[in-house]
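This briefing sets out selected local features of one protein chain, grouped by topic. It is meant to be read alongside the sequence and the coordinates.

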Amino acid sequence: MEEDMFCYIHEGGQLVKCAGGSVEYQGGRTESMVVSRHMSHSDFISKLCDELHFDRNSIKLEFTVKFDPSCLLLLHDDAAILKMFRFNERFCRVYVSSSSEVVEACISSTSAPTPIVGSNSAHVLSSGGDLPIDICNDSLTIKSYGFSQRCAESNILKRDSRRFENSIMGSGHTFPNAAKFRDAVYLMSIAGRFRYCFKRNSTKHMTVVCTVNECPWKVTARAIGESNIVQVHTFQNRHNHSLEDVAACQPLVRSNRASLLIDDVIRSTPDYQPRQICKDFQRQHGMQLTYLQAWNIKEKANERIYGEPKNYYKLLPWMCEKMVATNPGSIVELRHSSDGHFEQLFVAHSISIQGFAMGCRPIIAIDSVHMSGPYRGVLFSATAYDANDSMFPLAFGVMSLENYDDWSWFLQNLKKVVGDKEVVIISDRRPALLRSVPEVFGLENHAYCYRHLKENFSSFLSKHNTKGNKGKENALQLLDSIAYARLEHDYNVSMFELRKYNDTLATWVEENAPEHWAMSKFPKQRWDKMTTNLAESFNAWLRNERHHSICNFLMEHMAKLGSMLVKHKEESNNWKGCIGPKIEDKVQQKIAKGEVYPVTPFMNGTFGVSIGSTFLNVDIMKRTCTCRGWEMLGIPCEHAAAVILSIGQNVVDFVQDWYKFPMQELIYSGSFSGIETHDMPIVDNDGLVRSITVKFSSLLTLPIPNALPEDQGRSALSPNFKINGLSIAQDVILPGTTGKRARILCLKCNAVTFFPF
């Protein structure tokens, strides 16, 4: 540990907590000095006063620690100095204030409760941090700044709730509707630390009073005429509370109202956890929440920001049509059950379709993950690789269930995306995929994820004699050698070793279709892609978005996809050569291994490479090697790299075109735009979807909550297009054509395919 530490000295300003949770020091001045980690408190004070010219008898020092920069701790003795140095790393921060700002006072005990008189002017906290105190006219009166500082500790940031003290400005203040007025009253109660009740509560006339007997605080509001606009009529913003009243009348926690306090944080930090909400409410608003209350508050905030999830299923037809109209060439399919419940949605944007067709290698990783929103569901994904081996999202689907029918439907739509291109599909081995992938893409094109298979092997291994942990490790290493062996001979040698180790394990390997996961057995080129890790990266990429309502998920996916496409395109323009950095690393690794191998030239472009007692042939013309690494990966193996270097050529020139810049340029050559939502329909209270140009008389409904078994197909679908209980039959009533309906769905398969008009 370094002996010295850099120390910021802040004086004359204040700490301010931003909406995202970060802390900033605003105002005042900032100085600095270098201090020793071993100095005492008195030495620190002396150095501070000598260098920065403070009066040691009139200052108070506080400091922060790295893990909680919002909490000010008193720097008053050697123990505090030690904590400051120990819990900060390269630098620390010290805050200087005048000791005259803290008024030492003692409240004398009396038999009668001490009154608290409301005031709109700020007062100083007592040294104990109990109550704001003002002594005048020989009588003790306790005043508060809208009650927001009551019981606040002097070493904590000012409560964020103070910003809500003027939620109601006075008589004449108007609100768009009664709900907004009620929100303002609640926020005032949080800021003022009091409890209220409604004496009268309707959309036309509301009267609100403080729950403390004989407290004069009161506000009345009335609707203006027949409109929804509410105007404050009477506003008496003064409280008269005793100390007992203060303790007994803390604000109530109402999740639908309290969620207003975290709207800004949820927007900037979607992964805002309930436990952190509890801590922040205690620190910022002086309110203690249970975990369930915090969870409900977060859910209400999400609902306010992103809309009521059930309504968005009714807007899916509009969203789907808009996606295709915005990016022509996209494939968007929507499907429902016979009783109108949402079941399936498939989306492949035009830029993904075009990019895959023009430049991506014909290999796709597919996977699924549960949606974490209020109505759950499952997210299916199909992901490809670009020329730099980065993720290129191809298509996705949202399903109410996950079974054979769902996967078959998704893969049939994916087949439309890839067209006549023969592709290899990598997936795990769930039963629905073992059946559906071969049916759509062919059995020989189905590659199993080796990571999942290895996990299954490990589980099987644990049930048998593995000769301890070391034995299990040896068995897994043998399985790796079987899976990654490129030559049939090497595969057989590894299988022999495994059988010698444990015949039951070898039998398990033979019974679990090695032709779908072992490199030497798989009949098609898979570019050394052995797992579905890429598809799982897609799932992690949308981790936060999967919690939102269906329409917001679609819009947020488009926003993230657009950002990713732009980023990858800009990065490719900065490549140092004709291949990307990931491929460059692989090439350099091959060169580093192969440059020490001796090379023997033969006729017709054939070379021999010696590796100890092993001799391999490399054919430069055919671009093959005995090890099969070059032809499998498309990048020269270390043996080929040794040959290429020996003839004075550049190894990069022998890399397959799939990995080069012209292909990357084709992949990202398309155009892509987000949808415009200024004309998005709204869902009325009566359940109808309305907009300026179109009125949907029938609605989509939510997914069925109970899933079918994976081997059970869906029931027959009927022409009534419904989703999750609400009719979604696309009966569209056009303005001026009352009674005339236009359907845009297939009555045979009950699917709606959207295309630009």
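Predicted model: local features only at pLDDT ≥ 70, side-chain atom pairs only at ≥ 80, totals over all residues.

F538 and W541 are both buried. These two residues belong to helix α18, where they stand three residues apart, about one turn of the helix.

- Helix α18 spans residues 533-541, and its buried residues are L534, A535, F538, N539 and W541.
- These residues share one side of α18, because the arc they cover around the axis is only 160°.
- An α-helix has 3.6 residues a turn, so residues three or four places apart point the same way.

**Aromatic pairs**

- A pair of aromatic rings is described by the distance of the centres and the angle of the planes.
- The model holds 20 aromatic pairs.
- One of them joins F396 and F553; because the ring planes meet at 85°, over the 60 degrees required, this pair counts as edge-to-face, with 5.8 Å between the centres.
- F396 counts as buried because its relative accessibility is 2%, under the 20% limit.
- F553 is likewise buried, because its relative accessibility is 0%.
- F538 and W541 form a tilted pair, with 5.6 Å from centre to centre and 50° between the planes.
- A cluster of rings is formed by F346, F380, W407 and F410, which are linked through ring pairs.

**Charges over rings**

- K421 places its charged end over the ring of F356, at 4.6 Å from the ring centre.
- R526 does likewise with F522, its charged end sitting over the ring at 5.1 Å from the centre.

**Positive phi angles**

- Most residues other than glycine have a negative phi.
- D389 has a positive phi, near 65°, and is not a glycine.
- The position of D389 is in the loop between β18 and β19.
- D389 counts as buried because its relative accessibility is 10%, under the 20% limit.
- R623, also not a glycine, has a positive phi of about 55°.
- The loop that holds R623 runs between β24 (614-619) and β25 (624-625).
- R623 counts as partly exposed because its relative accessible area is 34%, a value that lies between the 20% and 50% limits.

**E11 in strand β1**

- E11 is part of strand β1, which covers residues 4-17.
- With a relative accessibility of 26%, E11 counts as partly exposed.
- Leaving aside residues up to four places away in sequence, E11 touches Y25, G28, R29, F54 and V96.
- The C-alpha atoms of E11 and Y95 are 5.9 Å apart, although the two residues are separated by 84 residues in sequence.

How values were computed:
Residues numbered from 1 in each chain as written. Heavy atoms only, no water. Helix = DSSP H or I, 4+ residues; strand = E, 2+ residues; numbered from the N terminus. Buried < 20%, exposed > 50% of the residue type's maximum accessible area, 1.4 Å probe, protein only. Contact = heavy atoms within 4.5 Å. Arc of directions from axis to C-beta. Phe/Tyr/Trp six-rings, centres within 6.5 Å; stacked < 30°, edge-to-face > 60°. Lys NZ or Arg CZ within 6 Å of the ring centre and 35° of its normal.
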